[in-house]
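Hi,

Here's the structure I promised to pass on.

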Protein chains: 2
Amino acid sequence: MQGMEKTKVGIVGLGTVGSGVARLLLDFGDRTARHAGRTLWLEQVVVRDVDKPRDCELPKGILSDDLSKITGNREITTVAHLVGGLEPARSIMIALLESGKDVITANKALLAEHGPELFDLARELGRSIAFEASVAGGIPIIANISQCLSANQIESLTAILNGTSNFILTQMEEQESDYASALDEAQRLGYAEADPTMDVGGFDAAHKLCLLAALAFGGAPNFAAAEVEGIEQIELVDIRLAHELGYRIKLIASASREAGGASVRVNPALTPLDHPLAQAGGSLNALFIEGRRIGRIYLQGPGAGAGPTAAAVAADIADVIAGASRPVFQGAAEGLSPLPPGDPQQRVGKAFLRLVVRDRPGVIAGVSEALAKAGVSIDSFLQRPVEDTGLVPIVLTTQPASEGAVRDAIDHIEALEAVVERPRMIRIARI
Amino acid sequence: MQGMEKTKVGIVGLGTVGSGVARLLLDFGDRTARHAGRTLWLEQVVVRDVDKPRDCELPKGILSDDLSKITGNREITTVAHLVGGLEPARSIMIALLESGKDVITANKALLAEHGPELFDLARELGRSIAFEASVAGGIPIIANISQCLSANQIESLTAILNGTSNFILTQMEEQESDYASALDEAQRLGYAEADPTMDVGGFDAAHKLCLLAALAFGGAPNFAAAEVEGIEQIELVDIRLAHELGYRIKLIASASREAGGASVRVNPALTPLDHPLAQAGGSLNALFIEGRRIGRIYLQGPGAGAGPTAAAVAADIADVIAGASRPVFQGAAEGLSPLPPGDPQQRVGKAFLRLVVRDRPGVIAGVSEALAKAGVSIDSFLQRPVEDTGLVPIVLTTQPASEGAVRDAIDHIEALEAVVERPRMIRIARI
């Protein structure tokens, strides 16, 4: 590395990923350097609480709680911003950009919710925001989408983007456990946080998907317009019945180009057992990119973890320094406007309905009429034996129908006297 | 696109891919331009025979059979070199580099066999050779490996890189057809050329794998050191028996880091039915990248075809123009030396052996002793009913053993009097 130019790097935030990046820079700066053509030098680390115990040993004197140690140091050109949440993450990002730094971040929530403001600011100031690490840890999804963009019109993305939810669903199926026990296990193993809402509520996947959709379809991330449904309502019985019908339930993040905008949504969906997304178990992430000329490309890998995510941050640092980072958002010259959403009521797909009815004559006919009244046709029908309670579980899948029609059908079914509770609806993935 | 700078691009070679690139530049220059920040302008196309009918309409006056129309035109900075084979492809590449052009190519044979010379020349002249399109068409494998490199030590690559062979093997299994009929069908559908040797002999996959290994492990492509075995000897009975044992036969390209070098090889291998590589059927390509920090990343997509390959060329053009293309080979500053090969005799793996014996007492004991003498243990054993001919087909799989030991065992078995022919050996993929 003799004679190589030295690039001074700062880190803000020293959690799991921040510590991983610091260790990478301290231990393996050389390899990254070969790639970037320069030596990377960890000059300064800024954290909120300097006294908190850390699982990484830093050289003396580089840890501080004063952000101006970075913003005021002109020699630091590149900063890994590894603070989670919206504030003070947003203010830190603005301060870094305004002090002339190129920024690498893994904070998808920040970019999904404040993307237009931050990317516009970066463009005005001629700075980069690189964020490969914000989506799917070690899988270079951003690089892939960016690469596909040059010559391809990307039509749709279909993905598993939240490792925690994927782990819980896999656990429920394999251990035959209910949602609460599977969540406990995920928390015990460190896959889920004490408050798991961001993960199991679908919000983390939606943040990531908003970024990917903005990249793929051109526009600014529009988290407010995303449709988000989590896995909290999934019961073991749904997983079992879906399996009998040849499906596995996954938390599917899907985005597709629509006239004038994009449909961006996260919801549990029945996925055919022989589909690669159904087979991506545990904490894996996976993604299909479908484009006009490129066909369908499939990517799969570890979705999170300090190792892969820190590696992605380091790759971004190398790219930014090598000048290989470009404005990845299309149409950036004119400023980014948020992607308008599609109309969910118009969207057509199959659905899985689970209902519980009282065992009495004519009830099947009633359900079937309720569906017909809404214009929804039945694809498959599975009636289970009468239970001791006198109740009969019924599962059916519909033929493709608009979401509006399926909602109408559910309303009609719920209104039937023999129907005990509002039918449970889970979409069938359109893949 | 008003006010955007114009970049003049040349194309040499107007076959399937060349025509696809020309059409892309003529029809969709704008989209590529947005990505590159410049307008791409197709200035000149050079072919061997200007009178040959083409399936793409070019503007008047841009087609010529004179390479100096490109090499002598200083305004053309970037050239898509889409001529196959080794010569005159090599001379054309040298002429383009020496006249100051950045070159994009899809010719893996040229780079695998003349890589050290050509990459060294490009480096000396300060020019780029971009070659995403040379491997796996639309799947941005080069970009992925390059991205993984910054912070990860890549340990191994395991892939399906030849769509033709994959199609033939899939066809044999699904249609229960023999090798010759499946090859006929592949030729009829345009998946295989009149002389299919490059594809079915494993050479095309080996060319691609050499490039990927050189990138991943650091060094120059070393095609001469690759171990290459094709699918010509695979019989339908092998496919059936493998299936009974829980495997599918695939042409697997695998490269792994070894002390002081890399093992690079292509051979048919039994792949567990539930493994993603076993499930990548038809003309798909697929790749596992395994790294120290990154874990295992899986990529899958269409392996060839004018659409995806032309798209990959266009993406490379955009990257080169945007300055986002960097010297992708590690250690380039000191010049690239070819990767030394590993020692195949030392390599340890499981094997599938199929033999035909005469139905007489003690023959199983003899086979078992022959294996024991070579130090090879049996993992599973499958004896089929005696055929009318009085012959008995036997299939066995071994426990992990060195290739040397397995060869010894095969020699010992072949020497047994009851054994009719040399046992057929197919490796079991180490995945």
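First, the ground rules. This is a predicted model, where local features need pLDDT of at least 70 and side-chain atom pairs count only at pLDDT 80 or more, while totals for chains, interfaces and linings use all residues. Residues are numbered from 1 along each chain as its sequence is written, chains are lettered from A and ligands numbered from 1 in the order in which they are written, and side-chain values use heavy atoms, without hydrogens and water.

**Sheets.** Helices (H or I, at least four residues) and strands (E, at least two) are DSSP runs numbered from the N terminus, and two strands pair if DSSP finds at least two bridges between them. Chain A has an open sheet of six strands, paired in parallel, in the order β3-β2-β1-β4-β5-β6. At its edges are β3 (63-64) and β6 (129-130) of chain A; each has a single partner strand, so one side of each has no neighbour in the sheet. In chain A, β1 (residues 6-12) runs parallel to β2 (residues 39-46) over seven bridges, with A:Lys8 opposite A:Trp41.

Over in chain B there is an open six-stranded parallel sheet with the order β3-β2-β1-β4-β5-β6. There, four bridges link the parallel strands β4 (residues 76-81) and β5 (residues 102-105) of chain B, and B:His81 sits opposite B:Thr105. Helix α3 (residues 89-98) of chain B packs on this sheet, touching β1, β4, β5 and β6 of chain B. Contact here means heavy atoms within 4.5 Å.

**Core.** The largest nonpolar core has 156 residues, and A:Ile141, A:Ile168, B:Ile141 and B:Ile168 have the most contacts inside it. Such a core is a set of buried Ala, Val, Leu, Ile, Met, Phe, Trp, Tyr and Cys residues joined through side-chain atoms within 4.5 Å. Buried means under 20% relative accessible area, exposed over 50%, and partly exposed in between (1.4 Å probe, protein chains only).

**Helix α13 of chain B.** In α13 (residues 363-373) of chain B, the buried residues are B:Val363, B:Gly366, B:Val367, B:Ala370 and B:Leu371. The face turned away from them carries the exposed B:Glu369, B:Ala372 and B:Lys373. Among the elements covering the buried residues of α13(B) are β14 (351-358) and α14 (403-414) of chain B.

Cheers

Technical notes: Axes fitted to C-alpha atoms, helices over the stretch in contact; angles between N-to-C directions.
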